[in-house]
Amino acid sequence: MAKKKSKDDKELKTKVKKLRAKVKALKSDLATSAPAPIKTKAVTVSPLAPEAFPAMPQIAGVEFASAAAGVKYAGRTDVMLAKVAPGSSIAGVFTTSSTRAACVLDCQEKLKIRVPQGAGAAIIVNSGNANAFTGKLGQKAVDLVTEGVAKALDLPASRVFSSSTGVIGEPLPYEKIILAIDTLAERLSPAGIEDAARAIMTTDTYPKGACATVQGEGGEIKIAGIAKGSGMIAPNMATMLVYIFTDAKITPARLQRMLSRQVEDTFNAITVDSDTSTSDALIVAATGQSEAAEISDLRSQVAKDFEAGLRAVMMDLAHQVVKDGEGATKFVEIRVTRAASAEDAHKVAMAVANSPLVKTAIAGEDANWGRVVAAIGKSGAKADRDKLTISFGHMVLAEKGWRVPDYSEEKASAYMKNPELVIGVDLGLGRASKSVWTCDLTHRYIDINADYRS
């Protein structure tokens, strides 16, 4: 018996020794692959920011929490968790980038899975690291984080959606997020949405929120959304993370249809720098806990009102993203009218909105409408010099192939001092129109992006 006990003790010591070796190796890997959190730099809030975060309605069936996990930044929250009630409908739209991050690919696959009866859901988001272009380790990180949340909240792992935003190409220190999950679970509260909005910020200068209330049949339907986005903002689907919550009763299919319809003229109609991210995600969760009747007919007035409310929240958040564009001092609408086709209207709008020459002229408050002409010409859309009209605000500056006879440089320059501008392009060729929103390009954009990783 003594011999057997001695043998067992020896085997146990061997196992412990091997385990300690694995732990030591893991710590070594973390030390080389996950740099220590850096101190947060002082941030100047965008001059276009709203006065305050809006007073948001609490959405029945949704709870939020945030924590500081030290993914990249020291001394600030960088992980948020949203828990959604059983029976909720989830819809989503994601980046079309061919180098999509592991979390995006995971979310897309999970939305295809048949939902277990009565299952709840959760969304976990980290800032500071995009977990993009990280090979097989990226998917491993997603799996471990979502499985950790599933276990803590007693959910199927297939109903835990994750997002990551920040630096591309660095392994996600997932163990830091996993260690924060229990704290997040303990902090869940229906009133935590503003803190959640702050936790997902990277180069953002302020948290973004928007809300709406719609009258349904038998009660009100509430909608509340948060977003992050400041740089690397361009359509398909625009570079940002957006999470919208509602207590509406609606099937996932109907919710998805509404969401997909409204993306084109909201999040796909903004640009800061023409660069599309690897990590874009827009997820909408409907808890079904409103007293209003289910939205079962998309042709009904209630359905139309709800979709209009959803669109309003999406548009508000999209505009806030542009107003917080890295280094932005001007919020600009490019309004294209009378294009030969919808495709041409879009081409012209985006060509003007993305032109560095147009954007720097706006930053310098220079009414250089000639740069708009050049952008139209390079767009690839059908255009006719002698039918083209260009306006800044209500002032027509050029038409019929030449600047207008009463053109006033003084008035045009005075208009350019406004914080919000409208540049109008009337092509005079058809009925199609398109509006997109952009910002100016200042030296601050270069300062932010020149040392983003440090």
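Which element gives the largest share of the lining of the second largest cavity? Helix H9 does, with three residues.

The views show a predicted model, in which local features require pLDDT of at least 70 and side-chain atom pairs count only at pLDDT 80 or more, whereas totals for chains, interfaces and linings use all residues. Residues are numbered from 1 along each chain as its sequence is written, and side-chain values use heavy atoms, with hydrogens and water left out.

**View 1. The second largest cavity and its lining.** The second largest cavity has a volume of about 40 Å³. A cavity is a set of points, on a 1 Å grid over the protein atoms alone, where a 1.4 Å probe fits but cannot get out; lining residues have an atom within 4 Å of a point. Grid points are joined across faces, edges and corners, and a volume is the space filled by probe spheres set on the points. The residues of the lining are Val 358, Ala 361, Ile 362, Asp 366, Asn 368, Arg 371, Val 372, Phe 392, Met 416 and Ile 423. Two or more of them come from each of helix H9 (356-363) and helix H10 (369-378). Helices (H or I, at least four residues) and strands (E, at least two) are DSSP runs, numbered from the N terminus. By class, seven of the lining residues are nonpolar, one is polar and two are charged; Ala, Val, Leu, Ile, Met, Phe, Trp, Tyr, Cys and Pro count as nonpolar, Asp, Glu, Lys and Arg as charged, and the others, Gly among them, as polar.

**View 2. The largest cavity.** Two cavities of 30 Å³ or more are counted in the model, and the largest holds about 70 Å³ of space. Its lining comprises 13 residues, with Asn 126, Val 145, Ser 162, Ser 164 and Leu 172 nearest the centre. Strand E6 (121-129), helix H3 (135-153) and strand E7 (160-167) each contribute at least two residues to this lining. The class composition is eight nonpolar, five polar and no charged residues.

**View 3. The second largest pocket.** This pocket has a volume of about 430 Å³. Of its 29 lining residues, Ser 88, Ser 89, Ile 90, Val 115 and Pro 252 are the closest to the centre. A pocket is an open set of grid points with protein on both sides within 12 Å along at least five of seven lines. At least two lining residues are supplied by each of strand E5 (89-94), helix H2 (102-110) and helix H6 (252-263), and E5 gives the most, with five. The lining includes 13 nonpolar, 11 polar and five charged residues.

**View 4. The five-stranded open sheet.** The strand order is E5-E11-E10-E9-E8, with mixed pairing. E5 and strand E8 (208-216) are the edge strands, each pairing on one side only. Direction ignored, neighbouring strands of this sheet are turned by 15° against each other on average. Two strands pair if DSSP finds at least two bridges between them; E8 and strand E9 (219-228) are antiparallel and share nine bridges, and Gln 215 stands opposite Glu 220 in E9. Helix H6 lies across E5 and E11 at about 30° to E5. Axes are lines fitted to C-alpha atoms, for helices over the stretch in contact, and angles run from 0 to 180 degrees between N-to-C directions.

**View 5. The surroundings of Ala 293.** Ala 293 lies in the loop between strand E11 (281-286) and helix H7. Ala 293 is partly exposed, with a relative accessible area of 34%; buried means under 20%, exposed over 50%, and partly exposed in between (1.4 Å probe, protein chains only). Residues up to four places away in sequence aside, Ala 293 touches Glu 217 and Lys 249, contact meaning heavy atoms within 4.5 Å. Ala 293 and Glu 220 are 73 residues apart in sequence and 9.7 Å apart in space, C-alpha to C-alpha.

View 6. E12 runs parallel to E16 over seven bridges, with Ile 334 opposite Ile 423. E12 and E17 are antiparallel, also joined by seven bridges, and Glu 333 stands opposite Trp 437.
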